[in-house]
Amino acid sequence: MHDDGRDVLITGVGLVSSLGKDTGEHVAHLCNGANAYAVDEQRFAPYCVHPLSQLDFAQQIPKKSDLKQMEAWQRIGVYAAGLALSDAGIAGDAELLQRTHLVVAAGSGERDIGVDCDVLDKLSQTDDSTALAKQVLPSALRPTLFLAQLSNMLAGNISIVHGVTASSRTFMGEEIAGLAAIENAFRRIAAGQIDIAIVGGALNAEREDLLLGYELGHNLWKGSYASVWDRAGAGGGFIPGGMGAFLVLEARAHATARNIEPYARIVDVATGRCDRTGGATQRALAELYGGLRDKPTGPLTVLSGASGAAPATAEEIAFIESLPSHGAEPIVRAFGSTFGHGVEAHFPTGLALAALATRHKLTPKATGNAEIERPFTGSTSNALVTCVGHWRGEGLALIGAA
Amino acid sequence: MMNDHRDAMGRPLVAITGAGIVTSLGRDKAENWAALTAGRSGIKRIERFPTDGLRTNFAATVDFLTGEASPAPALTIELARHATDEAIREAAIGAQGRFPGPLFLATPPAELEWPQRKALYHAGRNSGLTGYQRLVDAAREGDWDEMNSLFQFASVGEHLAQRFGTRGIPVSVSTACASGATAIQLGVEAIRRGEADAALCVGTDASVQIEALIRFSLLSALSTRNDQPEHASRPFSKDRDGFVMGEGAAALVLESYAAAKARGATVLGFVRGCGERADNYHRTRSKPDASAIVGAIANAITDACIPATKIDYVNAHGTSTPENDKMEYLALKQVLGEHLTTTPISSSKSMIGHTLSAAGAIEAVISLLTIHNGMLPPTINYDVADPEIPLDVVPNVARPARVETVLSNSFGFGGQNAALVIGAP
């Protein structure tokens with residue numbers, strides 16, 4: 001295979017979720033975790049959420065003054081980014097950090113629920129249209145909260161806490177944010193614009209304001225837990241999952257020169273947007289797959305990012321079932337069934353899991369719906385990560401052995 | 001590998017073949033240029049919500065496109081549509097509703113506002129619930145399609161992709177107040193990498209809503225000259241006291257020079273270089289030595305394959321905050337050196353306020369107009385020079401100048417620094 005040193009390798013992984021606080025715990029889950037998931041059905045009923053594992057944020061964010069400036073979403077992301085930088089042997093290397101580019105997929109930080117409820121309560125007791133300006137907001141809001149809410153402030157905090165400063169770009173747009181971030185870092189490295197980048201995102205699922213945002217479009221799964229494949233018949237919907245996923249991506253020549261062992265290679269990334277009319281999602285995914293380079297034949301682990309939203313998830317199954325026409329034998333595993341849906345962080349999480357699976361030559365255990373997720377005991381050297389946005393955006397990443 | 005379609009590094013040259021702009025000063029390039037060169041301010045008292053008791057009650061709002069009661073994202077979309085219509089019309093590219101390339105969009109983060117929260121709270125009045133439980137319950141039980149279509153983070157991009165038929169995912173970027181420049185940089189890079197022959201780069205912002213105004217106010221970032229709104233934005237003056245929020249949008253059609261020439265398009269100018277650098281000093285302040293700003297500007301000039309002495313004019317970030325204007329001067333002094341003493345630098349924000357996510361794109365279009373018209377737009381309200389910032393700010397009155405190459409700066413909270421070098425055709 002032609003390699004001019006611009007192969008894009010994954011050389012660091014930082015991953016936190018409801019099922020683990022580091023890569024080791026996630027590898028253990030992939031090996032043994034049949035049907036294991038952590039879900040809270042009560043706290044935000046009728047909605048389920050996958051609550052984040054208890055993290056000791058001070059391990060990655062030592063300064064109390066920094067912690068105080070961040071809401072949970074940013075802490076999760078800064079923590080995961082720190083793990084990835086350590087894993088890749090970059091943490092603390094000032095010279096290298098100044099050459100490391102930062103790419104983040106983000107929504108925004110949490111509102112202060114107490115303040116909002118207070119304001120709503122006061123507003124409901126007055127007809128004075130000037131009340132908001134005069135009495136309510138100036139005393140209720142505090143400056144630091146604003147900075148916690150800006151989308152690019154996850155990136156800002158990663159720069160401050162970890163010292164990543166070559167550049168900083170934040171992409172937005174629900175799942176599209178994750179697609180754009182991964183694709184941007186991948187293409188810049190492949191084209192020789194940059195040598196090394198850290199890319200990822202984070203989601204704090206345990207937020208009522210987040211649930212509100214997604215329920216405006218009736219996107220959430222209601223009632224008891226079900227796997228993503230089993231939701232289609234009952235109207236569909238996603239279960240938010242707390243997660244943070246960051247990857248260090250690096251040109252092969254650069255990784256070789258500093259003697260770091262890569263997890264895997266990103267062979268190709270493809271993204272698109274269709275209008276989601278009947279059949280459009282399936283056609284879009286087929287077209288994206290057709291355009292990928294170096295498609296493998298034989299057993300192929302498909303780490304599906306299906307959200308459970310209808311009808312997108314059903315169309316994704318139809319696409320996956322068409323893969324044998326390309327010579328691939330798909331072994332499907334929906335990581336959203338166990339981790340929940342990470343929205344902006346979902347695609348980066350899929351790539352993180354693919355990196356772990358590839359390095360350890362393991363196929364994750366099946367988790368629910370045995371017709372779609374068939375058992376497999378062999379090993380594969382390739383993985384296809386899918387991410388179909390709950391309302392917009394489709395993307396694929398092909399991962400191979402380094 | 002060098003030919004007239006490539007730059008000194010062998011990369012495809014990136015031409016600008018269409019540009020559109022809307023600000024508080026007007027709805028297109030002609031109206032904006034006339035006002036900018038006349039030194040007119042678009043800043044005025046806010047009428048769209050009550051400001052009684054607020055420390056700042058003025059902004060450079062755009063009030064002529066949508067009704068007063070429209071939520072911020074509706075105006076954000078309308079501003080972007082308007083500017084993009086002008087840019088695509090000028091470029092005469094693609095078929096109606098089928099732009100032959102990707103969309104790179106600078107847009108503010110999406111967030112429900114108080115009218116929406118109030119409407120949901122009211123809708124849930126019979127649920128017996130309080131607080132967010134009541135809001136979420138109302139969301140579940142009601143039909144909020146229109147609200148939903150406006151308040152997702154992908155909303156603005158989706159509306160534009162639908163209308164203009166751009167290809168691929170609509171890419172929305174936030175680098176805070178540098179977003180507009182970053183959107184242009186993304187388009188330049190896509191063309192240089194050969195992924196696209198054309199790209200639509202848009203910056204849009206309509207953030208003048210009550211909570212956003214109060215938040216900036218609480219950070220002590222805004223001017224409080226309530227008695228003289230049109231004189232409040234005073235970049236580089238000694239008596240500057242903060243920035244003024246502004247609204248607007250700009251759009252640029254970028255094309256590889258080869259593709260533009262092949263279809264006989266008129267080239268308005270080139271994006272010759274882009275630079276960026278992140279600062280890790282503080283969430284809202286620059287490193288005291290300005291090194292991150294210096295890095296972004298120096299990277300842009302290097303990327304343009306020119307010496308710093310080729311910069312004829314700087315369209316400054318120039319927000320009118322005490323901190324920004326001082327740091328921007330310090331950085332320019334380090335990069336341009338002696339050349340700075342003979343380089344004019346003006347801030348359009350003295351007239352249109354700080355258009356936040358849109359600023360980098362709006363100021364790129366103003367840079368293009370500066371080259372095209374051979375006229376430097378002034379920094380208005382420059383009455384009291386700041387001895388610590390000895391610059392030719394084109395004080396108060398526009399003046400003719402031959403301009404081949406412009407440096408346009410954009411900086412933002414979160415350590416964001418970006419710069420563009422825009423050149424004559």
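## Terms and model

Helices (H or I, at least four residues) and strands (E, at least two) are DSSP runs, counted from the N terminus. The structure described here is a predicted model.

## Ser320 of chain B

Ser320(B) lies in the loop between β9 (313-315) and α11 (322-336) of chain B. Its phi is near 85 degrees, a positive value in a residue other than glycine. A residue counts as buried if 20 or more other C-beta atoms lie within 10 Å of its own. Ser320(B) has 26 other C-beta atoms within 10 Å, so Ser320(B) is buried.

## Chain A as a whole

Chain A contains 15 helices and 12 strands. Its radius of gyration is 21 Å, close to the 21 Å that the globule rule gives for 402 residues, so chain A is as compact as a globular protein of that length. Along the principal axes, the C-alpha atoms of chain A fill a box of roughly 70 × 55 × 35 Å.

Of the 402 residues of chain A, 61% count as buried. Among contacts in chain A with a separation of 6 or more, 81% are between residues 24 or more positions apart.

## Strand β12 and its partners

Strand β12 (residues 394-400) of chain A has six of its seven residues buried, so β12(A) is largely enclosed by the rest of the structure. β12(A) runs antiparallel to β8(A), and seven bridges join these two strands. In this pairing Asp268(A) stands opposite Leu398(A) of β12(A).

Strand β11 (residues 382-388) of chain A also runs antiparallel to β12(A), with seven bridges between them. Here Cys387(A) faces Gly395(A) in β12(A). β11(A) and β12(A) form a hairpin with five residues between them, and Gly393(A) in the turn has a positive phi of about 95 degrees.

## Packing of helices α1 and α15

Helix α1 (residues 23-32) and helix α15 (residues 346-359), both of chain A, have axes that come within 10 Å and cross at roughly 70 degrees. Angles of 65 to 115 degrees count as roughly perpendicular, and α1(A) and α15(A) are therefore roughly perpendicular to each other. On the α1(A) side the contact is made by Thr23(A), His26(A), Val27(A) and Leu30(A), and on the α15(A) side by Leu353(A), Leu356(A) and Ala357(A). By class, these residues are five nonpolar, two polar and no charged.

## Contact between chains A and B

The contact takes 60 residues from chain A and 56 residues from chain B. Elements of chain A that give two or more residues to this side include α5 (113-124), α6 (131-140), α9 (175-190) and β8 (264-272). The side of chain A that touches chain B has 28 nonpolar, 22 polar and 10 charged residues.

Strand pairing also links the two chains: β5(A) and strand β5 (residues 171-174) of chain B pair in the antiparallel sense over three bridges. Thr170(A) stands opposite Ser174(B) in β5(B).

## Backbone details in chain A

Glu174(A) has a positive phi of about 50 degrees although it is not a glycine. Glu174(A) sits in the loop between β5 and α9 of chain A. With 27 other C-beta atoms within 10 Å, Glu174(A) is buried.

Key: Residues numbered from 1 in each chain as written. Chains lettered and ligands numbered in written order. Predicted model: local features only at pLDDT ≥ 70, side-chain atom pairs only at ≥ 80, totals over all residues. Axes fitted to C-alpha atoms, helices over the stretch in contact; angles between N-to-C directions. Parallel < 35°, antiparallel > 145°, perpendicular 65-115°, else oblique. Contact = placed C-beta atoms within 7 Å. Nonpolar A, V, L, I, M, F, W, Y, C, P; charged D, E, K, R; others polar. Pairing = 2+ DSSP bridges. Rg over C-alpha atoms; globule rule 2.2 N^0.38 Å. Buried ≥ 20, exposed ≤ 12 C-beta atoms within 10 Å, placed from the backbone.
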